[in-house]
Structure formats: C-alpha cells, structure tokens
Amino acid sequence: MELAAVDVLRTERFVSGESVSRFEEEFAKYCSVDHAVSTSSGTSALSIALLASNIYCGEVITTPASFIATSNAVLHVGAVPKFADIDLATYTMDPEKIALRVNDKTRAVLPVHLYGHPADMDAINDSSRKKNLVIIEDACQAHGAFYKNRRVGSLGDIACFSFYPSKNMTVAGDGGMLVTNDGKVAARAAKLRDCGRKSKYVHDMIGYTSRLNTVNAAVGRVQLSYLDKWNEKRRRNAEIYHRLLSDISGLILPPEGDWETRPVYHLYTIRTKNRDRLKTWLESNGIQCGVNYTLPIHLQPIYKKMFGFKKGAYPRSEELCETCLSIPMYPELTAKEISFVSDKVHEFCENA
Ligand SMILES: Cc1ncc(COP(=O)(O)O)c(C=O)c1O
C-alpha cells in the first residue's frame, strides 16, 4: 500500500491521475456494473447520485437508522428526507413502510445496507418501481456483500460507497464511489464531481470539487484486491461470535445471511436492554465497543429543530439505538480474542 502511494506520488498527477480511472474500472467490475465514478467521500457520492438523477427538490424516502450523512445528502441537494422505519430483523428499511411514505413529491428511495447487511432489495425495488422512483443504495457500510447472489451496488439504479478509514476497505483518508449501469447518470456524475466541467475551462453544469485524489485511488486499488479475503475473515469471526453467544437469553445477535445473501459484518452489533452497563463492563475489561448510533437521525438535535420530530415517531429505529452495542469486529481478530470477548459478555449476562 505504501509503495503504491509513493509510486503514484512520483509518477502521476495529484488530481485525476491514471490510478483514479483504473480504480473506477476495477471497482465497477467488482460490483458487476458498467460504470463507477469516484468522489471525495461517501456523502458526496450520495449527493452527486441524487443530482445526477435530477433530484434537487421533492422528497426522498430513507431510514432514520443510519449515519446522519445518508439523509444530510438529501438535504444538501435541496430535497427533503422522509423516513420509513426499519425491520428489526435486519435493521434495514422495512419495504412495507415505503408505500405509506410515497406521495406526488416522492422522487427516490434510499435504503441503507446497515452494518454490512443488505436491505431486502427485491421488495424495495418492487414497491419503488411501481411508483417510478429512483432507487439509490447506500452501500457505504457494505462493500462486497451479496444479496440473493448479486453484489450490493448492482441492485438498484445507483449505489454509493464510502472509503472512510473505518470501512471494510479504505483509501487511507476520505473517499467515495458511485456505481451504476446507466451511462448517462455516470457521465453527469463525473461532471458534477469535477466542477461541472465539459472541457478544461468550459462548464455546462454547476458542479463541485468532489474528486478522489490520485494517491487515495492508488491505495484503494490495493485495498480492493484484499477486500474479499478480509470479508471472509469477518464472516468467519461472526460465525464464531454466533456460536459462542447464541445461548444467552435476552441477547439479540446480528442477522445472519444464508447461502445466497452474505453480509460483510462491517460491524458486529448485538442488542440488549442493559446496553450501557454491558458497554461499561466490557470497556473496564479492556474491550473497545461502539454505539452505532446513539440517536436515530430524526432525533438528532438539528433534525428535531428543523422538522419537529418527537420520540416515538420511528419506534423500531429508536429501539435499535437504545439497545445496540458494536463489539470488536475486524479481519485480524483472533478466535482467542473473540472467545475472551464472548466470555466477558457471558459473565455480565449471568450476573445481570
Ligand atoms: C451508512 C453511511 N452512509 C453514508 C456515509 C458517509 O460516508 P463518508 O463518511 O465517506 O462521507 C457513511 C459513513 O460513515 C455511512 O456509514
């Protein structure tokens, strides 16, 4: 990775170097789609995906159980996010809630493959296509996941990825990617992320400076070559956790896949009513934990202020945020470490 970075620093342009287009080609191929357009972040990939679909007003249906950037991107382009609650079995958008949110202003649906588990895209596509909605996957946490034997990224009209350092693969900094089979959308997106440029100093769109830097693309190419191997290790780690934790009553484990739907366990998020006490206990034993997320988006202070949301509006997302705890999950985690974490969870639950 370091060698690739140093090599392009010496041989390519810092911006729009050859590594950028190579990374795009390789990422598109990986997702089994025709086009990939790199961006400066997952958030900018989402905004550009919306704008490239001509969405700059109206409403976009998404879920409140996500990182705030998902719905911020909708607001950035001038549209309004409308929330559909999640299915607590998968923590992703409940397809049955879509119809309740659709009206004349609805333009797109933006499901999130939360924690690396694919949303139920067949059902989401069915309801959305009937209403002529653009379908944009927020795959920022799900690089490489499979839904019914198809890669995430190839399931809707457009998909967006983040390469922030905590993700299953990174570009050693901020970065993002938008993928699609629609050549016109890809061409618009490529312009939008590059100042709306038609040629060097001729601009026929109001664009942004949202490009991925060459050195980051070079790192991304190396990371992509390891992604499948790393995801397999994450899946193996999840299997061990499942085996060691499944006998604890009151502890809810993350959704598992099957032979055709394979999550990538960006996070391994358990749920318990005693979340805060379990977190303190694990941390006092040297085990780092996370809460993803402490608040659903609709209860974030700025969303309450802007839209007047109150607690109770999306009860399943709220329940997730009140009970979730992400325990260590990364490819290099050893069976011994997983066993130590699981023992400590057992110890806590037996005395709770
Ligand atoms: C679900 C989801 N959507 C969007 C984003 C935004 O990505 P970025 O941080 O690269 O802008 C993230 C990143 O954390 C995410 O997890």
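Q: Is the crossing in which H1 passes H8 left-handed or right-handed?
A: The model is predicted, with local features requiring pLDDT of at least 70 and side-chain atom pairs pLDDT 80 or more, while totals for chains, interfaces and linings use all residues. Residues are numbered from 1 along each chain as its sequence is written, and side-chain values use heavy atoms, without hydrogens or water. A crossing is left-handed if the near helix is turned anticlockwise from the far one by less than a right angle, and right-handed if clockwise. By that rule the crossing of H1 with H8 is right-handed.

Q: At about what angle do H1 and H8 pack?
A: Helices (H or I, at least four residues) and strands (E, at least two) are DSSP runs numbered from the N terminus, which gives H1 as residues 2-11 and H8 as residues 214-245. Axes are lines fitted to C-alpha atoms, for helices over the stretch in contact, and angles run from 0 to 180 degrees between N-to-C directions. The two axes are 8 Å apart, and the packing angle is about 145 degrees.

Q: How many residues of each class does the contact of H1 with H8 have?
A: Contact means heavy atoms within 4.5 Å; H1 supplies Ala-4, Ala-5, Val-8 and Leu-9, and H8 supplies Thr-214, Val-215, Ala-218, Val-219 and Val-222. Ala, Val, Leu, Ile, Met, Phe, Trp, Tyr, Cys and Pro count as nonpolar, Asp, Glu, Lys and Arg as charged, and the others, Gly among them, as polar. The contact therefore divides into eight nonpolar, one polar and no charged.

Q: Why does H9 count as oblique to H12?
A: Angles under 35 degrees count as roughly parallel, over 145 as roughly antiparallel, 65 to 115 as roughly perpendicular and the rest as oblique. The axes of H9 (residues 275-284) and H12 (residues 335-351) come within 10 Å and cross at roughly 130 degrees. That value makes the pair oblique.

Q: What is the make-up of the contact of H9 with H12?
A: On the H9 side are Arg-277, Leu-278, Trp-281 and Leu-282; on the H12 side are Val-341, Lys-344, Val-345, Glu-347 and Phe-348. By class they are six nonpolar, no polar and three charged.

Q: Which residues of H4 make the contact with H3?
A: H3 (residues 42-52) packs against H4 (residues 69-76) at about 40 degrees, with axes 9 Å apart. This makes H3 oblique to H4. H3 contributes Thr-43, Leu-46, Ser-47 and Leu-50, and H4 contributes Ala-69, Thr-70, Ala-73, Val-74 and His-76.

Q: How far is a polar side-chain atom of Lys-167 from an oxygen atom of the ligand?
A: The ligand is surrounded by 16 residues, Gly-42, Thr-43, Asp-138, Ser-162 and Lys-167 being the closest, where near means a heavy atom within 4 Å. A polar contact is a pair of N or O atoms within 3.5 Å; within protein, one must be able to donate a hydrogen and the other to accept it, and residues adjacent in sequence count only if both atoms are side-chain atoms. A polar backbone atom of Gly-42 is 2.8 Å from a ligand oxygen. For Lys-167 the distance is 2.7 Å.

Q: Which residue does a cis peptide bond join to Asn-292?
A: Most peptide bonds are trans. Here omega is about 15 degrees, and the partner of Asn-292 is Tyr-293.
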